[in-house]
Amino acid sequence: MHKQIIALLVAISTSISASVFPSTVSNDPPLPRGDITVSLANTVEGCPEPNAAAAYLCHYESGTELYAKNADAPLPMASTTKLMTALIVSELLPFNKVVTVDRRSVGIEGSSIYLYDGEKITVEALMYGLLLESANDAATALAIECAGSIEDFCVLMNRKSKELGLKSTNFTNPHGLDDDEHYTTARELSKIAAAALYDPQIAKIVASRSYKAPVMDKSTYRYMTNHNRLLSTYDGAVGMKTGFTKRTGRCLVSAASRNGMTLIAVTLNATDDWNAHRNMLDFGFSNYRVIKLIKPLDFDFPVDCIGGDAPTAELYSADSISVFIDQNFDTEKIKFEVRVNRPIFAPVEKDKIMGDVLVLYEKNQVASSTLRAKYNIEQRKDNRSFTEKIKDFFKELIS
């Protein structure tokens with residue numbers, strides 16, 4: 001079907017019909033441009049229900065919900081909190097910065113990389129400790145380095161929550177230890193995870209199985225291991241974050257990528273989270289897919305150019321557009337329409353925006369890609385009289 005869609009694009013690009021010309025570029029509000037994914041998927045039933053207080057499965061690139069169980073109930077989330085901590089740190093601190101460990105970061109209960117007072121350690125090493133070993137002392141050290149105190153760092157965390165549009169999430173610490181006012185929902189935790197996955201530094205860390213960090217004050221190393229079992233047992237797993245306290249139960253955020261599609265799964269207080277995530281992710285990959293409709297430079301469109309040293313201006317698509325669909329989706333309902341300003345006069349500058357190619361679904365525009373000039377076209381030099389130029393202009397225009 002992908003080849004059929006590309007064939008359709010080629011067919012459009014090689015035919016000039018009354019439905020395309022003459023036309024002008026749409027004056028409608030601009031749609032998202034760049035590398036975008038549009039969801040046209042229908043809901044598919046049948047996802048295996050996880051034994052969890054709450055669960056959520058979504059498509060990362062479009063944010064489309066694929067499964068939800070009690071997904072909007074505020075619940076504690078244990079160390080999955082650290083995804084938000086990592087987001088704040090990545091925004092504020094360079095990874096090569098050397099931090100001097102504050103005594104307030106030493107001896108924090110729970111998971112630890114055993115920092116000591118006055119130790120010098122890079123932000124990068126602390127981030128690996130945060131996300132691989134789930135170290136609460138690393139979380140505290142990073143929070144203090146960013147904001148000066150836990151309280152002020154939580155202000156940043158909650159501010160970021162609002163930026164992400166979260167309404168049922170609140171942070172009182174950077175590590176996830178129990179607190180009545182520390183909570184999120186499965187749905188909102190997936191949004192935090194998506195933001196973290198979008199950050200290339202965080203994405204690299206959560207996908208790492210291990211890390212060796214030198215201890216600067218000593219001739220030794222810290223060896224850190226990722227506790228996410230899915231990295232070694234699930235095809236396409238790209239990591240994320242585990243969490244557990246006796247009060248919260250087992251919490252897990254996972255992500256996996258296959259065939260150009262990434263899914264994010266969340267469970268809170270699950271009894272068998274590893275298998276629950278395998279089942280949820282398998283359901284998603286079995287019932288949904290992504291098709292690349294337009295790739296940059298993949299759409300060539302020749303347009304007559306008046307007064308140029310070349311008879312036509314070659315246009316190309318500037319953006320990448322994909323659609324996220326269910327396996328039963330009828331791709332024949334996807335259509336394309338080209339809109340180009342006419343007539344085109346020389347000179348034409350390379351990469352100048354000349355029009356759009358629109359993606360339509362059931363006659364509704366769902367996305368668009370700009371069309372730009374592929375080459376420079378210089379103005380043609382000639383010795384014709386003004387009258388001859390006017391005559392030739394109208395001949396070219398009519399033809």
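Visitor: Among contacts between residues at least 6 apart in sequence, what percentage joins residues at least 24 apart?

Guide: The share is 66%. A contact here means heavy atoms within 4.5 Å.

Visitor: What kind of model is this, and how are its residues counted?

Guide: It is a predicted model, where local features need pLDDT of at least 70, side-chain atom pairs count only at pLDDT 80 or more, and totals for chains, interfaces and linings use all residues. Residues are numbered from 1 along each chain as its sequence is written, and side-chain values use heavy atoms, with hydrogens and water left out.

Visitor: What is the mean pLDDT of the protein?

Guide: The mean is 88, and 88% of the residues reach 70 or more. pLDDT is the predictor's confidence in each residue, from 0 to 100. Over residues 1–33 it stays under 50. For that stretch the model has 57 contacts beyond four places in sequence.

Visitor: How many helices and strands are there?

Guide: The protein has 10 helices and 18 strands. Both are DSSP runs, numbered from the N terminus: helices are H or I with at least four residues, strands are E with at least two.

Visitor: Why is T140 called buried?

Guide: Buried means under 20% relative accessible area, exposed means over 50%, and partly exposed lies in between (1.4 Å probe, protein chains only). T140 has 3% relative accessibility, so it counts as buried. T140 lies in helix α4, residues 136–147. Leaving aside residues up to four places away in sequence, T140 touches R104, S105, I108, I150, P174 and H175. Across the protein, buried residues make up 50% of the 399 residues.

Visitor: What about K160: buried or exposed?

Guide: K160 has a relative accessible area of 12%, so it is buried. Its salt-bridge partner is E163, with the closest N and O atoms 3.5 Å apart. Why is E163 called exposed? Because its relative accessible area is 55%. K160 and E163 both lie in helix α5, residues 150–163. They are three residues apart, about one turn of the helix.

Visitor: How do you know that R247 and D180 form a salt bridge?

Guide: Their closest N and O atoms are 2.5 Å apart. That pair links distant parts of the chain, 67 residues apart. R247 is in the loop between β8 (237–245) and β9 (249–258), and D180 is in the loop between α5 and α6 (186–198). R247 has a relative accessible area of 46%, so it is called partly exposed. D180 has 57% relative accessibility, so it counts as exposed. Elsewhere, salt bridges that share partners join E65, D72 and R187 into one network.

Visitor: Which strands are the edges of the open six-stranded sheet, and what makes them edges?

Guide: The strand order is β15-β17-β18-β13-β12-β16, with mixed pairing. The edge strands are β15 (334–340) and β16 (344–345), and each pairs on one side only. Two strands pair if DSSP finds at least two bridges between them. β15 and β17 (residues 353–361) run antiparallel and are joined by seven bridges, so they count as paired. In β17, D356 is the bridge partner of R339.

Visitor: What is noted about the backbone at N70 and S134?

Guide: N70 has a positive phi of about 50 degrees although it is not a glycine. N70 sits in the loop between β3 (65–69) and α2 (82–92). At 46% relative accessibility, N70 counts as partly exposed. S134, not a glycine either, has a positive phi of about 55 degrees. S134 sits in the loop between α3 (123–131) and α4. Its relative accessibility is 7%, so S134 counts as buried.

Conventions: A salt bridge is a side-chain nitrogen of Lys or Arg within 4 Å of a carboxyl oxygen of Asp or Glu.
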